[in-house]
Amino acid sequence: MGTRRDFFRSLCRTVPVFAFDQFAQALPLGVQFVNVAREAGLKSKTIFGGERNNRFLLETTGCGAAFFDYDNDGWLDIFLVNGTRFEAKYPKGAEPTSRLYKNNRDGTFTDVTAAAGLIRTGWGQGVCVGDYDNDGHDDLFVTYWGDCALYRNNGNGTFTDVASKAGVTTRTSTGARRWNTGCAFLDYDRDGLLDLFVSNYIDFDPKTAPLPESGPCLYKGHMVACGPPGLQGGKNILFHNNGDGTFTDVSGKAGILKTPGTYGLGVLVADFDNDGWPDIYVANDSTSSALYKNNHDGTSRLSISPSKRESPTVRTASLRPEWASPPSIMIATAISIW
Ligand SMILES: [Ca+2]
Ligand SMILES: [Ca+2]
Ligand SMILES: [Ca+2]
Ligand SMILES: [Ca+2]
């Protein structure tokens, strides 16, 4: 940590959650931001749900972004996740897609999405960056409602989605469609290979999801779809990197599933207790957040304990009092409701 690149990477991993000490170091008081997106060429429209009305909870979260140097030229490029709309019919070739912008080194960017092989339309959510195969080229994991994408960086300006082959689509055996949200690459067992954590909001099915007219939920006088309280919370996943291009779901033996179902959103990885092993923080909607302490115990080194849950409305880390000087956490939830 400490470099500008690390700082931006922390943003990419955890769209709604930032490590406050990183944030404070990088942005001194008095800094002023000017929106230069249009002048810089970042003109693609972010699409996520209905333009005038949102019927489903799924339409309310929006998308993440990543700053990373995909072509190793020393200049940060930008990947913007995009969503779609239930009701819209797009002409072929005009469907919304996530975007990769190459840094032109003059304050502007060029859209290289198609050339990079990153065209895909779906309900994209979050993105995290990591070189999971240690070839020197940063790869992308993009979460979706439905199958996630693991874009292997081919090192020549193109990417290939290898999620299926790698075993990280998060597709369920029951057919339930996970609403994957935040994600993070981390080497939880310190074997030199980046593992992958994916948070889940709920398993969402529009056929059974509450609608605004089904009541009785109101927001500022308007009928809105009820949730997430009352809905079955999702289960987070920890994937172990096998070192051969595949991953294994170790959520059960790692203790990840011991956490009651929650409405997981952003994910932050940091060594909260300064023991040299990365821990995992998940910002949950409407319930207390979860802090998974890495136990690095014994031969398996897989045991990670969920933090003790606190009162239902508290959105803070359940930091253990004996932990010395843990990094502070600032939470900015990405949820927007009408
Ligand atoms: Ca670059
Ligand atoms: Ca790589
Ligand atoms: Ca590992
Ligand atoms: Ca630790």
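Four strands make up an open sheet here, in the order 2-3-4-5, and their pairing is antiparallel. Strand 2 (65-68) and strand 5 (109-111) sit at the edges with a single partner strand each, so one side of each has no neighbour in the sheet. On average, neighbouring strands of this sheet are turned by 20 degrees against each other, direction ignored. Keep in mind that this is a predicted model; the mean pLDDT of the protein chain is 83, and 79% of its residues reach 70 or more.

**Inside the sheet**

- Strand 3 (residues 77-80) and strand 4 (residues 99-103) run antiparallel, and three bridges join them.
- One pairing to look at is Ile 78, whose bridge partner in strand 4 is Tyr 101.
- On the other pairing of strand 4, three bridges link it to strand 5, again in the antiparallel sense.
- Tyr 101 turns up there too: its bridge partner in strand 5 is Asp 111.
- How many residues of strand 4 are buried? Five of the five are, so the strand is largely enclosed by the rest of the structure.
- Arg 99, Tyr 101 and Asn 103 point one way from strand 4, while Leu 100 and Lys 102 point the other way, and all are buried.

- As background, most residues other than glycine have a negative phi, and most peptide bonds are trans.
- Arg 105 has a phi near 65 degrees, a positive value in a residue other than glycine.
- You'll find Arg 105 in the loop between strand 4 and strand 5, a hairpin with five residues between the strands.
- Is Arg 105 buried or exposed? It has 10 other C-beta atoms within 10 Å, and the cut-off for exposed is 12 or fewer, so Arg 105 counts as exposed.
- Arg 190 also carries a positive phi, near 50 degrees, in a residue other than glycine.
- Arg 190 has 14 C-beta neighbours inside 10 Å, so it counts as partly exposed.
- Which residues are joined by a cis peptide bond? Gly 227 and Pro 228 are, with omega at about 0 degrees.
- Pro 228 lies in the loop between strand 13 (222-223) and strand 14 (237-241).

**The nonpolar core**

- In soluble globular proteins, nonpolar side chains tend to be buried together.
- The largest nonpolar core in this model has 69 residues.
- Leu 140, Phe 141, Val 142, Leu 196 and Phe 197 are the residues with the most contacts inside that core.
- What does Val 142 touch? Leaving out residues up to four places away in sequence, Val 142 touches Val 81, Ser 98, Gly 124, Val 127, Cys 148, Ala 149 and Tyr 151.

- Over residues 298-302 the pLDDT stays under 50, and the model has seven contacts for them beyond four places in sequence.
- Residues 308-326 are another stretch with pLDDT below 50; beyond near neighbours in sequence, the model gives this stretch 30 contacts.

Conventions:
Residues are numbered from 1 along each chain as its sequence is written. Chains are lettered from A and ligands numbered from 1 in the order in which they are written. This is a predicted model: local features need pLDDT of at least 70, side-chain atom pairs count only at pLDDT 80 or more; totals for chains, interfaces and linings use all residues. Two strands pair if DSSP finds at least two bridges between them. Helices (H or I, at least four residues) and strands (E, at least two) are DSSP runs, numbered from the N terminus. Axes are lines fitted to C-alpha atoms, for helices over the stretch in contact, and angles run from 0 to 180 degrees between N-to-C directions. A residue is buried if 20 or more other C-beta atoms lie within 10 Å of its own, exposed if 12 or fewer, and partly exposed in between; C-beta atoms are placed from the backbone. pLDDT is the predictor's confidence in each residue, from 0 to 100. Two residues are in contact if their C-beta atoms, placed from the backbone, lie within 7 Å. A nonpolar core is a set of buried Ala, Val, Leu, Ile, Met, Phe, Trp, Tyr and Cys residues joined through C-beta atoms within 7 Å.
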